[in-house]
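Try each task before you read its solution.

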Amino acid sequence: MKKSNQEAAEKITFKNLRRLYFFALWTIAVTIILSQVLVQYNLKQQFSDSKIINISGKQRMLSQKIVKEVLILHYVSDTTSQKQISHLKNVLSLWKNNQNSLENGSDSLAFPKEKSETLDKFYLEIKPSFNSIVKTTDLFLLNLEQKNTSADNQKLVRIILKNEGVFLSKMNQIVSQYDLEAHEKVTEQRRIEYWIFAFTLFILLLEFFFIFKPTNKKIERLIAKLLSSEKKALKLAYDTEIISEIKENSVKELKSLNYAMENTLLYCRIAPDGSIIHIGEKFAKLLNYTKFSSNKKFSEVLTTDEKEQLNIDRIIFEKQRSGWQGEINIINKEGQNIWLDLSMVPVTIKKDELELLIICFNITERKKAQREVERLNIENSTEKINQQKVISSKIVENQENEQNRIAKEIHDGIGQMLTGLKFSLESINLDDKEKSAQKIEYLKKLSLDIIKGVRTATFNLMPPELSDHGIVSSLAKLTQELSKLTGKEILFYNKTDFSQRLDSLIEINIYRLTQEAINNAIKYAESSHIIVQLSHSSTLLSIIVDDNGKGFDVAAVDKKRNSESGMGMLFMKERIQYINGRVFFKSIPGEGTRITFNIPI
(Lines give C-alpha, C1' and ligand atoms only; values in the text may rest on other atoms or scores of the structure.)
Protein backbone atom coordinates (compact mmCIF):
# COMPACT_ATOMS: atom_id res chain seq x y z
CA MET A 1 0.00 0.00 0.00
CA LYS A 2 2.82 2.39 0.88
CA LYS A 3 4.63 1.49 -2.38
CA SER A 4 1.54 2.25 -4.53
CA ASN A 5 1.02 5.57 -2.75
CA GLN A 6 4.71 6.44 -3.36
CA GLU A 7 4.39 5.63 -7.08
CA ALA A 8 1.24 7.78 -7.36
CA ALA A 9 3.02 10.68 -5.65
CA GLU A 10 6.01 10.31 -8.03
CA LYS A 11 3.63 10.41 -11.04
CA ILE A 12 2.04 13.63 -9.77
CA THR A 13 5.50 15.09 -9.17
CA PHE A 14 6.61 14.26 -12.74
CA LYS A 15 3.43 15.88 -14.16
CA ASN A 16 4.13 19.04 -12.17
CA LEU A 17 7.76 19.03 -13.35
CA ARG A 18 6.67 18.78 -16.99
CA ARG A 19 4.26 21.67 -16.54
CA LEU A 20 6.91 23.82 -14.89
CA TYR A 21 9.45 23.05 -17.63
CA PHE A 22 6.89 23.82 -20.33
CA PHE A 23 6.07 27.14 -18.68
CA ALA A 24 9.80 28.02 -18.35
CA LEU A 25 10.57 27.21 -21.97
CA TRP A 26 7.45 29.05 -23.19
CA THR A 27 8.47 32.15 -21.23
CA ILE A 28 12.03 32.12 -22.67
CA ALA A 29 10.68 31.59 -26.20
CA VAL A 30 8.23 34.51 -25.89
CA THR A 31 11.01 36.75 -24.55
CA ILE A 32 13.35 35.87 -27.42
CA ILE A 33 10.62 36.37 -30.04
CA LEU A 34 9.65 39.76 -28.64
CA SER A 35 13.27 40.90 -28.48
CA GLN A 36 13.86 39.82 -32.09
CA VAL A 37 10.69 41.60 -33.26
CA LEU A 38 11.86 44.83 -31.64
CA VAL A 39 15.42 44.46 -32.94
CA GLN A 40 14.29 43.67 -36.51
CA TYR A 41 11.88 46.61 -36.45
CA ASN A 42 14.68 49.01 -35.48
CA LEU A 43 17.15 47.42 -37.94
CA LYS A 44 14.62 47.82 -40.74
CA GLN A 45 14.40 51.53 -39.93
CA GLN A 46 18.22 51.80 -39.92
CA PHE A 47 18.78 49.62 -43.01
CA SER A 48 19.11 52.46 -45.46
CA ASP A 49 20.93 54.94 -43.17
CA SER A 50 24.47 54.02 -44.26
CA LYS A 51 23.48 54.01 -47.93
CA ILE A 52 21.75 57.39 -47.61
CA ILE A 53 24.83 58.90 -45.91
CA ASN A 54 27.06 57.44 -48.63
CA ILE A 55 24.88 58.75 -51.48
CA SER A 56 24.44 62.19 -49.86
CA GLY A 57 28.22 62.41 -49.38
CA LYS A 58 28.68 61.31 -52.99
CA GLN A 59 26.43 64.21 -54.08
CA ARG A 60 29.06 66.66 -52.87
CA MET A 61 31.73 64.91 -54.95
CA LEU A 62 29.46 64.79 -58.02
CA SER A 63 28.69 68.55 -57.74
CA GLN A 64 32.42 69.28 -57.62
CA LYS A 65 32.99 66.95 -60.58
CA ILE A 66 30.29 68.78 -62.59
CA VAL A 67 31.97 72.12 -61.87
CA LYS A 68 35.40 70.69 -62.79
CA GLU A 69 34.09 69.27 -66.08
CA VAL A 70 32.40 72.61 -66.92
CA LEU A 71 35.62 74.53 -66.20
CA ILE A 72 37.67 72.10 -68.30
CA LEU A 73 35.25 72.39 -71.25
CA HIS A 74 35.18 76.19 -70.98
CA TYR A 75 38.79 77.09 -70.18
CA VAL A 76 41.06 74.15 -70.99
CA SER A 77 39.74 72.29 -74.06
CA ASP A 78 40.61 73.94 -77.37
CA THR A 79 38.09 71.82 -79.21
CA THR A 80 34.83 70.58 -77.73
CA SER A 81 35.00 66.80 -77.43
CA GLN A 82 31.71 64.93 -77.81
CA LYS A 83 33.11 62.36 -75.38
CA GLN A 84 33.65 65.04 -72.70
CA ILE A 85 30.12 66.45 -73.24
CA SER A 86 28.63 62.96 -73.00
CA HIS A 87 30.59 62.29 -69.80
CA LEU A 88 29.33 65.58 -68.25
CA LYS A 89 25.73 64.66 -69.19
CA ASN A 90 26.11 61.26 -67.51
CA VAL A 91 27.48 62.83 -64.32
CA LEU A 92 24.70 65.46 -64.32
CA SER A 93 22.03 62.78 -64.83
CA LEU A 94 23.42 60.67 -61.96
CA TRP A 95 23.55 63.77 -59.72
CA LYS A 96 19.91 64.66 -60.46
CA ASN A 97 18.69 61.08 -59.91
CA ASN A 98 20.52 60.77 -56.59
CA GLN A 99 19.21 64.13 -55.38
CA ASN A 100 15.65 63.19 -56.38
CA SER A 101 15.97 59.82 -54.54
CA LEU A 102 17.30 61.51 -51.40
CA GLU A 103 14.62 64.21 -51.41
CA ASN A 104 11.53 62.21 -52.47
CA GLY A 105 12.53 58.63 -51.53
CA SER A 106 13.29 55.60 -53.74
CA ASP A 107 11.92 52.06 -53.64
CA SER A 108 14.86 50.62 -55.62
CA LEU A 109 17.40 52.16 -53.24
CA ALA A 110 15.20 51.59 -50.15
CA PHE A 111 15.24 55.33 -49.33
CA PRO A 112 12.30 56.43 -47.14
CA LYS A 113 9.88 59.05 -48.42
CA GLU A 114 9.20 60.43 -44.92
CA LYS A 115 12.00 62.49 -43.32
CA SER A 116 12.48 64.60 -40.26
CA GLU A 117 11.38 68.24 -40.23
CA THR A 118 15.04 69.35 -40.12
CA LEU A 119 15.89 67.40 -43.29
CA ASP A 120 12.79 68.68 -45.07
CA LYS A 121 13.88 72.21 -44.17
CA PHE A 122 17.45 71.61 -45.45
CA TYR A 123 16.22 70.09 -48.74
CA LEU A 124 13.87 73.06 -49.19
CA GLU A 125 16.82 75.45 -48.68
CA ILE A 126 19.15 73.58 -51.06
CA LYS A 127 16.61 73.17 -53.85
CA PRO A 128 17.07 76.64 -55.47
CA SER A 129 20.86 76.14 -55.74
CA PHE A 130 20.40 72.62 -57.05
CA ASN A 131 17.84 73.67 -59.68
CA SER A 132 20.01 76.63 -60.70
CA ILE A 133 23.08 74.39 -61.24
CA VAL A 134 21.00 71.86 -63.24
CA LYS A 135 19.38 74.51 -65.40
CA THR A 136 22.63 76.45 -65.96
CA THR A 137 24.61 73.29 -66.81
CA ASP A 138 21.94 72.23 -69.33
CA LEU A 139 22.17 75.68 -70.97
CA PHE A 140 25.98 75.43 -70.94
CA LEU A 141 25.86 72.03 -72.70
CA LEU A 142 23.31 73.37 -75.21
CA ASN A 143 25.63 76.32 -76.02
CA LEU A 144 28.54 73.94 -76.51
CA GLU A 145 26.53 71.75 -78.87
CA GLN A 146 25.25 74.79 -80.80
CA LYS A 147 28.75 76.38 -80.66
CA ASN A 148 27.48 79.70 -79.28
CA THR A 149 29.79 82.47 -78.10
CA SER A 150 31.97 81.88 -75.06
CA ALA A 151 30.66 85.13 -73.50
CA ASP A 152 27.31 83.46 -72.81
CA ASN A 153 29.08 80.45 -71.32
CA GLN A 154 31.20 82.74 -69.12
CA LYS A 155 28.04 84.02 -67.40
CA LEU A 156 26.74 80.47 -66.99
CA VAL A 157 30.04 79.32 -65.46
CA ARG A 158 29.88 82.13 -62.88
CA ILE A 159 26.32 81.13 -61.96
CA ILE A 160 27.39 77.48 -61.54
CA LEU A 161 30.38 78.43 -59.37
CA LYS A 162 28.23 80.72 -57.21
CA ASN A 163 25.53 78.08 -56.58
CA GLU A 164 28.02 75.21 -56.17
CA GLY A 165 29.41 76.73 -52.97
CA VAL A 166 25.90 77.14 -51.52
CA PHE A 167 25.04 73.55 -52.54
CA LEU A 168 28.15 72.16 -50.84
CA SER A 169 27.44 74.09 -47.63
CA LYS A 170 23.81 72.92 -47.46
CA MET A 171 24.74 69.38 -48.44
CA ASN A 172 27.24 69.28 -45.55
CA GLN A 173 24.37 70.17 -43.21
CA ILE A 174 22.22 67.39 -44.72
CA VAL A 175 24.99 64.78 -44.35
CA SER A 176 25.62 65.86 -40.76
CA GLN A 177 21.88 65.64 -40.00
CA TYR A 178 21.66 62.15 -41.53
CA ASP A 179 24.66 61.08 -39.44
CA LEU A 180 23.10 62.59 -36.29
CA GLU A 181 19.76 60.84 -36.85
CA ALA A 182 21.49 57.51 -37.57
CA HIS A 183 23.48 57.88 -34.35
CA GLU A 184 20.26 58.59 -32.40
CA LYS A 185 18.66 55.45 -33.91
CA VAL A 186 21.67 53.34 -32.91
CA THR A 187 21.57 54.82 -29.39
CA GLU A 188 17.86 54.04 -29.13
CA GLN A 189 18.45 50.51 -30.41
CA ARG A 190 21.20 49.97 -27.84
CA ARG A 191 18.90 51.21 -25.04
CA ILE A 192 16.13 48.85 -26.14
CA GLU A 193 18.54 45.90 -26.30
CA TYR A 194 19.77 46.69 -22.78
CA TRP A 195 16.15 46.65 -21.52
CA ILE A 196 15.47 43.36 -23.30
CA PHE A 197 18.70 41.90 -21.88
CA ALA A 198 17.76 43.01 -18.35
CA PHE A 199 14.24 41.61 -18.71
CA THR A 200 15.61 38.28 -20.02
CA LEU A 201 18.03 38.04 -17.09
CA PHE A 202 15.18 38.77 -14.68
CA ILE A 203 13.03 36.01 -16.19
CA LEU A 204 15.96 33.55 -16.07
CA LEU A 205 16.64 34.37 -12.40
CA LEU A 206 12.99 33.82 -11.51
CA GLU A 207 12.97 30.50 -13.36
CA PHE A 208 16.25 29.47 -11.73
CA PHE A 209 15.05 30.07 -8.14
CA PHE A 210 11.43 28.90 -8.50
CA ILE A 211 11.64 26.22 -11.22
CA PHE A 212 15.11 24.92 -12.10
CA LYS A 213 16.61 24.78 -8.58
CA PRO A 214 13.70 22.84 -6.94
CA THR A 215 13.42 20.62 -10.02
CA ASN A 216 17.16 19.96 -9.99
CA LYS A 217 17.01 18.63 -6.43
CA LYS A 218 14.20 16.21 -7.31
CA ILE A 219 16.06 15.05 -10.43
CA GLU A 220 19.25 14.48 -8.40
CA ARG A 221 17.38 12.15 -6.06
CA LEU A 222 15.91 10.23 -8.97
CA ILE A 223 19.29 9.98 -10.72
CA ALA A 224 20.90 8.70 -7.52
CA LYS A 225 18.37 5.83 -7.41
CA LEU A 226 18.94 5.09 -11.10
CA LEU A 227 22.72 5.08 -10.67
CA SER A 228 22.47 2.65 -7.77
CA SER A 229 20.38 0.26 -9.89
CA GLU A 230 22.72 0.71 -12.85
CA LYS A 231 25.78 -0.19 -10.77
CA LYS A 232 24.16 -3.43 -9.72
CA ALA A 233 23.29 -4.31 -13.32
CA LEU A 234 26.77 -3.41 -14.55
CA LYS A 235 28.38 -5.51 -11.86
CA LEU A 236 26.38 -8.56 -12.96
CA ALA A 237 27.12 -8.12 -16.71
CA TYR A 238 30.71 -6.86 -16.52
CA ASP A 239 32.59 -10.15 -16.77
CA THR A 240 30.36 -11.55 -19.53
CA GLU A 241 30.66 -8.36 -21.58
CA ILE A 242 34.47 -8.26 -21.36
CA ILE A 243 34.80 -11.89 -22.45
CA SER A 244 32.39 -11.34 -25.35
CA GLU A 245 34.24 -8.20 -26.49
CA ILE A 246 37.65 -9.93 -26.43
CA LYS A 247 36.29 -12.84 -28.43
CA GLU A 248 34.63 -10.56 -30.98
CA ASN A 249 37.78 -8.46 -31.45
CA SER A 250 39.88 -11.56 -31.95
CA VAL A 251 37.50 -12.89 -34.59
CA LYS A 252 37.48 -9.50 -36.37
CA GLU A 253 41.27 -9.30 -36.40
CA LEU A 254 41.58 -12.82 -37.77
CA LYS A 255 38.99 -12.11 -40.47
CA SER A 256 40.68 -8.83 -41.45
CA LEU A 257 44.10 -10.47 -41.59
CA ASN A 258 42.80 -13.39 -43.61
CA TYR A 259 40.94 -11.09 -46.02
CA ALA A 260 44.02 -8.90 -46.50
CA MET A 261 46.27 -11.87 -47.19
CA GLU A 262 43.78 -13.58 -49.51
CA ASN A 263 43.10 -10.52 -51.65
CA THR A 264 46.34 -8.56 -51.58
CA LEU A 265 49.21 -11.07 -51.27
CA LEU A 266 50.41 -13.78 -53.60
CA TYR A 267 51.03 -16.39 -50.91
CA CYS A 268 50.65 -20.06 -50.14
CA ARG A 269 51.67 -22.64 -47.51
CA ILE A 270 53.47 -25.79 -48.63
CA ALA A 271 54.91 -28.86 -46.96
CA PRO A 272 58.67 -29.61 -47.06
CA ASP A 273 58.01 -32.16 -49.85
CA GLY A 274 56.48 -29.42 -52.05
CA SER A 275 52.80 -30.35 -51.68
CA ILE A 276 50.34 -27.46 -51.28
CA ILE A 277 48.65 -27.02 -47.89
CA HIS A 278 46.80 -23.76 -48.70
CA ILE A 279 46.99 -21.17 -51.48
CA GLY A 280 45.61 -17.61 -51.42
CA GLU A 281 42.77 -16.58 -53.73
CA LYS A 282 44.79 -13.96 -55.63
CA PHE A 283 47.68 -16.42 -56.14
CA ALA A 284 45.24 -19.15 -57.22
CA LYS A 285 43.70 -16.83 -59.85
CA LEU A 286 47.13 -15.92 -61.20
CA LEU A 287 48.15 -19.61 -61.53
CA ASN A 288 44.67 -20.86 -62.57
CA TYR A 289 44.73 -23.20 -59.55
CA THR A 290 41.55 -25.19 -58.87
CA LYS A 291 40.47 -27.89 -56.43
CA PHE A 292 40.89 -30.48 -59.18
CA SER A 293 44.65 -29.75 -59.26
CA SER A 294 45.05 -29.94 -55.44
CA ASN A 295 47.03 -33.19 -55.66
CA LYS A 296 49.78 -31.45 -57.66
CA LYS A 297 53.00 -30.20 -56.15
CA PHE A 298 53.73 -26.47 -55.86
CA SER A 299 56.30 -26.53 -58.67
CA GLU A 300 53.79 -28.18 -61.04
CA VAL A 301 51.15 -25.55 -60.28
CA LEU A 302 53.67 -22.72 -60.56
CA THR A 303 54.94 -23.53 -64.09
CA THR A 304 54.48 -25.97 -66.96
CA ASP A 305 58.17 -25.97 -67.86
CA GLU A 306 59.83 -29.17 -66.59
CA LYS A 307 63.25 -27.58 -66.12
CA GLU A 308 61.76 -24.82 -64.01
CA GLN A 309 59.80 -27.41 -61.99
CA LEU A 310 63.03 -29.28 -61.20
CA ASN A 311 64.76 -26.03 -60.26
CA ILE A 312 61.91 -25.02 -57.86
CA ASP A 313 61.90 -28.52 -56.27
CA ARG A 314 65.66 -28.26 -55.77
CA ILE A 315 65.31 -24.84 -54.07
CA ILE A 316 62.58 -26.17 -51.75
CA PHE A 317 64.68 -29.18 -50.80
CA GLU A 318 67.93 -27.26 -50.22
CA LYS A 319 66.55 -24.07 -48.61
CA GLN A 320 63.63 -25.37 -46.52
CA ARG A 321 65.55 -24.74 -43.28
CA SER A 322 67.32 -21.48 -44.13
CA GLY A 323 64.76 -19.86 -46.44
CA TRP A 324 65.33 -18.32 -49.88
CA GLN A 325 64.60 -15.12 -51.79
CA GLY A 326 65.01 -14.43 -55.52
CA GLU A 327 63.39 -13.82 -58.90
CA ILE A 328 61.98 -16.65 -61.00
CA ASN A 329 60.51 -16.68 -64.51
CA ILE A 330 57.52 -19.01 -65.00
CA ILE A 331 55.10 -19.92 -67.79
CA ASN A 332 51.49 -20.49 -66.68
CA LYS A 333 48.88 -22.74 -68.26
CA GLU A 334 47.84 -20.05 -70.73
CA GLY A 335 51.42 -19.72 -71.96
CA GLN A 336 51.97 -16.34 -70.35
CA ASN A 337 55.48 -15.41 -69.28
CA ILE A 338 55.39 -14.20 -65.64
CA TRP A 339 58.19 -12.88 -63.42
CA LEU A 340 57.84 -13.39 -59.66
CA ASP A 341 59.88 -12.01 -56.78
CA LEU A 342 59.59 -15.09 -54.51
CA SER A 343 60.42 -15.35 -50.80
CA MET A 344 60.35 -18.70 -48.98
CA VAL A 345 60.15 -18.50 -45.18
CA PRO A 346 60.33 -21.64 -42.95
CA VAL A 347 57.64 -21.69 -40.19
CA THR A 348 57.57 -24.13 -37.26
CA ILE A 349 53.94 -25.04 -36.43
CA LYS A 350 54.55 -27.67 -33.76
CA LYS A 351 57.59 -29.42 -32.48
CA ASP A 352 59.31 -31.15 -35.41
CA GLU A 353 56.51 -30.02 -37.76
CA LEU A 354 57.68 -27.59 -40.46
CA GLU A 355 55.82 -25.59 -43.10
CA LEU A 356 57.11 -23.21 -45.76
CA LEU A 357 55.38 -19.86 -46.27
CA ILE A 358 55.73 -18.67 -49.88
CA ILE A 359 55.18 -14.93 -50.50
CA CYS A 360 55.45 -13.59 -54.07
CA PHE A 361 55.24 -10.25 -55.87
CA ASN A 362 54.33 -10.03 -59.54
CA ILE A 363 57.15 -8.03 -61.14
CA THR A 364 56.27 -8.80 -64.76
CA GLU A 365 55.44 -5.19 -65.62
CA ARG A 366 58.60 -3.97 -63.95
CA LYS A 367 60.65 -6.44 -65.99
CA LYS A 368 58.90 -5.31 -69.18
CA ALA A 369 59.66 -1.70 -68.29
CA GLN A 370 63.32 -2.55 -67.62
CA ARG A 371 63.62 -4.30 -71.00
CA GLU A 372 61.91 -1.35 -72.72
CA VAL A 373 64.32 1.08 -71.02
CA GLU A 374 67.27 -1.06 -72.13
CA ARG A 375 65.91 -1.16 -75.69
CA LEU A 376 65.40 2.61 -75.76
CA ASN A 377 68.90 3.17 -74.35
CA ILE A 378 70.36 0.99 -77.11
CA GLU A 379 68.32 2.84 -79.75
CA ASN A 380 69.36 6.24 -78.34
CA SER A 381 73.00 5.18 -78.24
CA THR A 382 72.80 3.95 -81.84
CA GLU A 383 71.11 7.18 -82.93
CA LYS A 384 73.72 9.29 -81.15
CA ILE A 385 76.54 7.27 -82.72
CA ASN A 386 74.97 7.74 -86.17
CA GLN A 387 74.57 11.46 -85.52
CA GLN A 388 78.18 11.72 -84.41
CA LYS A 389 79.27 9.91 -87.58
CA VAL A 390 77.26 12.36 -89.72
CA ILE A 391 78.63 15.31 -87.77
CA SER A 392 82.19 14.04 -88.07
CA SER A 393 81.81 13.47 -91.81
CA LYS A 394 80.34 16.95 -92.22
CA ILE A 395 83.15 18.46 -90.16
CA VAL A 396 85.75 16.69 -92.31
CA GLU A 397 83.85 17.76 -95.45
CA ASN A 398 83.72 21.38 -94.25
CA GLN A 399 87.43 21.28 -93.38
CA GLU A 400 88.22 19.95 -96.86
CA ASN A 401 86.04 22.61 -98.49
CA GLU A 402 87.67 25.31 -96.36
CA GLN A 403 91.15 24.06 -97.23
CA ASN A 404 90.23 23.90 -100.95
CA ARG A 405 88.79 27.40 -100.78
CA ILE A 406 91.91 28.77 -99.07
CA ALA A 407 94.14 26.93 -101.57
CA LYS A 408 92.09 28.33 -104.47
CA GLU A 409 92.27 31.86 -103.03
CA ILE A 410 96.03 31.58 -102.62
CA HIS A 411 96.55 29.98 -106.07
CA ASP A 412 94.14 32.14 -108.06
CA GLY A 413 94.65 35.34 -106.17
CA ILE A 414 97.86 35.65 -104.18
CA GLY A 415 99.80 33.15 -106.36
CA GLN A 416 99.01 34.90 -109.63
CA MET A 417 99.79 38.29 -108.10
CA LEU A 418 103.15 36.97 -106.80
CA THR A 419 103.91 35.57 -110.28
CA GLY A 420 103.09 38.95 -111.81
CA LEU A 421 105.26 40.61 -109.18
CA LYS A 422 108.16 38.30 -110.11
CA PHE A 423 107.88 38.98 -113.87
CA SER A 424 107.51 42.71 -113.28
CA LEU A 425 110.63 42.76 -111.11
CA GLU A 426 112.57 40.85 -113.78
CA SER A 427 111.42 43.21 -116.53
CA ILE A 428 112.65 46.39 -114.81
CA ASN A 429 115.35 48.10 -116.84
CA LEU A 430 117.23 50.51 -114.61
CA ASP A 431 118.62 52.34 -117.61
CA ASP A 432 115.11 53.42 -118.66
CA LYS A 433 114.24 55.52 -115.59
CA GLU A 434 110.78 56.64 -116.76
CA LYS A 435 109.48 53.11 -117.44
CA SER A 436 111.22 51.89 -114.28
CA ALA A 437 109.37 54.48 -112.20
CA GLN A 438 106.02 53.43 -113.76
CA LYS A 439 106.74 49.76 -113.07
CA ILE A 440 107.77 50.53 -109.50
CA GLU A 441 104.44 52.33 -108.93
CA TYR A 442 102.61 49.34 -110.42
CA LEU A 443 104.64 47.02 -108.18
CA LYS A 444 103.66 49.06 -105.13
CA LYS A 445 99.96 48.72 -106.00
CA LEU A 446 100.41 45.02 -106.70
CA SER A 447 102.18 44.59 -103.33
CA LEU A 448 99.25 46.27 -101.56
CA ASP A 449 96.82 43.92 -103.32
CA ILE A 450 98.93 40.94 -102.26
CA ILE A 451 98.98 42.17 -98.65
CA LYS A 452 95.19 42.67 -98.76
CA GLY A 453 94.68 39.16 -100.14
CA VAL A 454 96.90 37.65 -97.43
CA ARG A 455 94.98 39.56 -94.75
CA THR A 456 91.65 38.36 -96.16
CA ALA A 457 92.81 34.75 -96.17
CA THR A 458 94.20 34.97 -92.64
CA PHE A 459 91.06 36.80 -91.46
CA ASN A 460 88.93 33.88 -92.60
CA LEU A 461 91.24 31.47 -90.77
CA MET A 462 91.67 33.42 -87.52
CA PRO A 463 90.78 37.13 -87.37
CA PRO A 464 93.61 39.06 -85.70
CA GLU A 465 91.09 41.18 -83.77
CA LEU A 466 89.98 38.06 -81.89
CA SER A 467 93.38 37.29 -80.45
CA ASP A 468 94.40 40.95 -80.06
CA HIS A 469 91.25 42.69 -78.82
CA GLY A 470 88.64 40.05 -77.96
CA ILE A 471 85.19 38.96 -79.08
CA VAL A 472 83.56 42.42 -79.23
CA SER A 473 86.06 43.90 -81.68
CA SER A 474 86.16 40.73 -83.79
CA LEU A 475 82.36 40.63 -84.13
CA ALA A 476 82.27 44.33 -85.04
CA LYS A 477 84.97 43.72 -87.68
CA LEU A 478 83.13 40.61 -88.96
CA THR A 479 79.87 42.48 -89.52
CA GLN A 480 81.68 45.38 -91.24
CA GLU A 481 83.60 43.09 -93.61
CA LEU A 482 80.57 40.95 -94.50
CA SER A 483 78.45 44.09 -95.01
CA LYS A 484 81.03 45.46 -97.49
CA LEU A 485 81.44 42.10 -99.21
CA THR A 486 77.71 41.26 -99.62
CA GLY A 487 76.19 44.74 -99.90
CA LYS A 488 73.65 43.87 -97.18
CA GLU A 489 73.08 46.02 -94.10
CA ILE A 490 74.72 44.06 -91.27
CA LEU A 491 74.85 45.95 -87.96
CA PHE A 492 76.45 45.12 -84.59
CA TYR A 493 75.35 46.53 -81.21
CA ASN A 494 77.17 46.10 -77.90
CA LYS A 495 74.12 46.91 -75.79
CA THR A 496 75.73 46.57 -72.34
CA ASP A 497 79.26 47.83 -73.26
CA PHE A 498 80.80 44.41 -72.71
CA SER A 499 84.61 44.58 -72.74
CA GLN A 500 85.67 41.48 -70.81
CA ARG A 501 88.15 38.99 -72.31
CA LEU A 502 87.16 35.33 -72.23
CA ASP A 503 89.00 32.06 -72.64
CA SER A 504 90.37 31.69 -76.18
CA LEU A 505 88.37 28.48 -76.79
CA ILE A 506 85.14 30.23 -75.73
CA GLU A 507 85.88 33.30 -77.88
CA ILE A 508 86.67 31.34 -81.06
CA ASN A 509 83.50 29.23 -80.62
CA ILE A 510 81.37 32.34 -80.07
CA TYR A 511 82.95 33.89 -83.17
CA ARG A 512 82.33 30.81 -85.33
CA LEU A 513 78.73 30.43 -84.08
CA THR A 514 77.96 34.06 -84.90
CA GLN A 515 79.72 33.74 -88.25
CA GLU A 516 77.67 30.62 -89.05
CA ALA A 517 74.39 32.36 -88.09
CA ILE A 518 75.17 35.43 -90.26
CA ASN A 519 76.28 33.28 -93.22
CA ASN A 520 73.06 31.23 -92.97
CA ALA A 521 71.00 34.44 -92.97
CA ILE A 522 72.90 35.64 -96.06
CA LYS A 523 72.92 32.31 -97.91
CA TYR A 524 69.49 30.77 -97.12
CA ALA A 525 67.22 33.47 -95.66
CA GLU A 526 67.60 35.98 -98.55
CA SER A 527 67.55 38.78 -95.99
CA SER A 528 68.50 42.41 -96.60
CA HIS A 529 69.03 43.46 -92.95
CA ILE A 530 70.88 41.51 -90.25
CA ILE A 531 71.32 42.77 -86.67
CA VAL A 532 73.79 41.25 -84.18
CA GLN A 533 73.18 42.26 -80.55
CA LEU A 534 75.53 41.46 -77.64
CA SER A 535 74.47 41.87 -74.00
CA HIS A 536 75.61 40.42 -70.69
CA SER A 537 74.86 40.04 -67.00
CA SER A 538 77.11 38.98 -64.14
CA THR A 539 76.83 35.29 -65.12
CA LEU A 540 75.64 35.18 -68.74
CA LEU A 541 76.73 36.47 -72.16
CA SER A 542 73.94 36.62 -74.76
CA ILE A 543 74.29 37.10 -78.54
CA ILE A 544 71.15 37.54 -80.68
CA VAL A 545 71.24 37.38 -84.50
CA ASP A 546 68.06 38.75 -86.15
CA ASP A 547 67.29 38.81 -89.88
CA ASN A 548 64.28 39.86 -91.97
CA GLY A 549 64.53 36.89 -94.32
CA LYS A 550 61.96 34.34 -95.42
CA GLY A 551 62.12 32.31 -92.18
CA PHE A 552 61.43 28.58 -91.78
CA ASP A 553 59.51 26.01 -89.70
CA VAL A 554 61.89 25.21 -86.82
CA ALA A 555 60.16 21.94 -85.83
CA ALA A 556 60.07 20.62 -89.41
CA VAL A 557 63.74 21.47 -90.08
CA ASP A 558 64.84 19.99 -86.73
CA LYS A 559 63.25 16.64 -87.70
CA LYS A 560 65.08 16.59 -91.05
CA ARG A 561 68.53 16.00 -89.59
CA ASN A 562 69.93 14.88 -92.96
CA SER A 563 69.05 18.17 -94.70
CA GLU A 564 71.57 21.01 -94.95
CA SER A 565 69.48 23.29 -92.74
CA GLY A 566 68.92 20.55 -90.18
CA MET A 567 72.63 19.77 -90.04
CA GLY A 568 73.39 23.49 -89.62
CA MET A 569 71.14 23.65 -86.53
CA LEU A 570 72.71 20.43 -85.22
CA PHE A 571 76.26 21.80 -85.71
CA MET A 572 75.34 24.94 -83.75
CA LYS A 573 73.91 22.84 -80.92
CA GLU A 574 76.98 20.59 -80.84
CA ARG A 575 79.45 23.49 -80.98
CA ILE A 576 77.77 25.52 -78.21
CA GLN A 577 77.75 22.44 -75.96
CA TYR A 578 81.58 22.56 -76.05
CA ILE A 579 81.42 25.83 -74.04
CA ASN A 580 78.44 24.78 -71.83
CA GLY A 581 76.10 27.20 -73.61
CA ARG A 582 72.60 26.97 -75.08
CA VAL A 583 71.14 28.00 -78.44
CA PHE A 584 67.50 28.93 -79.16
CA PHE A 585 65.89 29.12 -82.63
CA LYS A 586 62.76 31.21 -83.27
CA SER A 587 61.52 31.71 -86.80
CA ILE A 588 58.26 32.72 -88.47
CA PRO A 589 57.90 31.84 -92.17
CA GLY A 590 57.73 35.02 -94.20
CA GLU A 591 58.83 37.30 -91.34
CA GLY A 592 62.36 36.36 -90.28
CA THR A 593 64.54 34.41 -87.88
CA ARG A 594 66.10 35.00 -84.46
CA ILE A 595 68.98 32.86 -83.16
CA THR A 596 70.01 33.37 -79.51
CA PHE A 597 73.28 32.11 -78.00
CA ASN A 598 73.57 32.09 -74.17
CA ILE A 599 77.05 31.41 -72.80
CA PRO A 600 77.94 31.32 -69.07
CA ILE A 601 80.81 33.63 -68.11
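**Exercise 1.** In this predicted model, find which residues of helix 12 and helix 13 meet.

*Solution.* Start on the helix 12 side: I471, S474, L475, L478, T479, L482 and T486 make the contact. Across from them, helix 13 brings E507, I510, Y511, T514, Q515, I518, N519 and I522. Now sort this contact by class: you get eight nonpolar, six polar and one charged residues.

**Exercise 2.** Work out how the axes of helix 12 and helix 13 are arranged.

*Solution.* First, the distance: the axes of helix 12 (residues 471–486) and helix 13 (residues 504–523) come within 10 Å. Next, the angle: they cross at roughly 25 degrees. Angles under 35 degrees count as roughly parallel, so helix 12 is roughly parallel to helix 13. Last, the hand: helix 12 passes helix 13 in a right-handed crossing.

**Exercise 3.** Find which residues touch the most other members of the largest nonpolar core, and which elements supply it.

*Solution.* The core has 34 residues, and I518 and F597 touch the most other members. Several elements each supply at least two residues, including helix 12, helix 13, helix 15 (564–577) and strand 10 (592–600). Helix 13 gives the largest share, eight residues.

Now zoom in on I518. Skip its neighbours within four places in sequence, and I518 is in contact with L478, T479, L482, I490, I530, V532 and V545.

How values were computed: Residues numbered from 1 in each chain as written. Predicted model: local features only at pLDDT ≥ 70, side-chain atom pairs only at ≥ 80, totals over all residues. Heavy atoms only, no water. Axes fitted to C-alpha atoms, helices over the stretch in contact; angles between N-to-C directions. Helix = DSSP H or I, 4+ residues; strand = E, 2+ residues; numbered from the N terminus. Parallel < 35°, antiparallel > 145°, perpendicular 65-115°, else oblique. Left-handed = near helix turned anticlockwise from the far one by under 90°. Contact = heavy atoms within 4.5 Å. Nonpolar A, V, L, I, M, F, W, Y, C, P; charged D, E, K, R; others polar. Core = buried A, V, L, I, M, F, W, Y, C linked by side-chain atoms within 4.5 Å. Buried < 20%, exposed > 50% of the residue type's maximum accessible area, 1.4 Å probe, protein only.
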